[in-house]
Amino acid sequence: VDIASLPHEPPFSPTIDNITVAARGGYTKDDLYAADRLGGVEIMIKSLKLVLKDLYDAGQMDGLIALGGGAGTIMGLEAMKTLPSGFPKVMVSTSAKIGAYVEGNDILVMNSIVDISGVNRISRSVFRIAAGAVVGAVQAMSEHDTDSHKPCVAATMYGNTTEGVTAAKEWLEEQTKQKEEGETGLGLEEHGYEVLVFHANGGGGRTMEKLIRAGKIDGVLDLTTTEWADNMCDGSACKGGPERLSAAAQCGVPQVVAPGALDQVNYGNRESIPAKYADHIVYGEGRSCLMRTNEDENRRMGEAIGEKLNGCVAPCVFVFPNKGYSKLDIEDGPFWLPEADRAFHDSFLHTLTNPLV
């Protein structure tokens, strides 16, 4: 598929040329070539998404590999996002800083090392490996049934909440349910849940929210809401964004939520902590350190999270740990500050008005 947005002679004979791609999006050749560089890219992204959907729905492709420079990488990645998780997707790119475009998607990105304008001693090996990667992925997918009929639960975890989340995960995976067995009574059927654990590092929380909105998740065990602490205090590592804690509430997905690790904000090092937080407790050195949230910040997080859960259209249980919000927030621990935890508790309950929670 040729996705060039400018007039050119393609170095290969495309099965679907760029004018045909544009036409699928409702654009003529003149529309495409009259547009400026950015306008042409937008036309091709919109149109390519439709072309790929057509091919996928018709069962006419088993995997996807794309090659691109700056614009080509953006076009390829944006179009790949329309394909489901588990479908083999490989992007060979000249652009190194593309994390935001890949986040939340199972796209394999390969660094082309040199430009993709031709075949040479470097690019030849890169292209060969990329081709092997997509072919191998297609073969692997055809050999294994990846479908699971177990209910799917999304859980959030983080270093300082790992033990609690792991215990909950193991419990869910071991559960059985009762079903009627003839006319004589009840029997036990092995059931269990498939638990997907997302690291609460900003990108993990955003990915979970996307999957919930995509209808991939049956229930949420959101025991690590620390991304809201980074939201509130300009954390440099784990911001979940303003939509964090929105998807399950709005999409009618049952959830259990806890203030896991709301006591801490992630920073790369002490020097990266803004001066306005000079009076806060800080733990750790080197490349990673944590800052303790204070009473005012916890009060504001209680309001923010309470407002999020007021939007719930499905049952939600909120769990308050009574001995601290993380491994550091325990009696005699470096972040033990019960008055800050109480500020969150009181503010959350004062804000909450939804009877489903």
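The protein's secondary structure consists of 12 helices and 13 strands, where helices (H or I, at least four residues) and strands (E, at least two) are DSSP runs numbered from the N terminus. This is a predicted model, in which local features need pLDDT of at least 70, side-chain atom pairs count only at pLDDT 80 or more, and totals for chains, interfaces and linings use all residues. Residues are numbered from 1 along each chain as its sequence is written, and side-chain values use heavy atoms, with hydrogens and water left out.

Begin with the whole protein. Its C-alpha atoms fill a box of roughly 70 × 70 × 40 Å along the principal axes. Of its 357 residues, 43% count as buried (under 20% relative accessible area with a 1.4 Å probe, protein chains only; exposed is over 50%, and partly exposed lies in between).

Next, select Met44, Leu52, Met75, Leu77 and Met80. These touch the most other members of the largest nonpolar core, which has 27 residues. Such a core is a set of buried Ala, Val, Leu, Ile, Met, Phe, Trp, Tyr and Cys residues joined through side-chain atoms within 4.5 Å. Helix 1 (18–24), helix 3, strand 1 and helix 4 each supply at least two of the core's residues, and helix 3 gives the most, with 8 residues. Apart from this core lies another, of 24 residues, among them Met232, Val257, Cys289 and Cys316.

Now centre the view on Met75. Leaving aside residues up to four places away in sequence, Met75 touches Ile3, Val41, Met44, Ile45 and Leu48, a contact being heavy atoms within 4.5 Å.

Continue to the largest pocket, whose volume is about 1,100 Å³. Select Val1, Asp2, Ile3, Phe12 and Leu67, the closest to its centre of the 36 lining residues. Helix 3 (37–57), strand 1 (64–68) and helix 4 (70–80) each supply at least two residues of the lining; the largest share, 7 residues, comes from helix 4.

Finally, visit two loops. Most residues other than glycine have a negative phi. Select isoleucine 113, in the loop between strand 3 (108–111) and helix 6 (123–143): this residue has a positive phi of about 70 degrees. Then select alanine 261, between strand 9 (255–257) and strand 10 (264–267), where phi is near 65 degrees. Is each of these residues buried or exposed? Isoleucine 113 is exposed, with a relative accessible area of 61%, whereas alanine 261 is buried, at 0%.

Note on methods:
On a 1 Å grid over the protein atoms alone, a cavity is a set of points where a 1.4 Å probe fits but cannot get out, and a pocket is an open set with protein on both sides within 12 Å along at least five of seven lines; lining residues have an atom within 4 Å of a point. Grid points are joined across faces, edges and corners, and a volume is the space filled by probe spheres set on the points.
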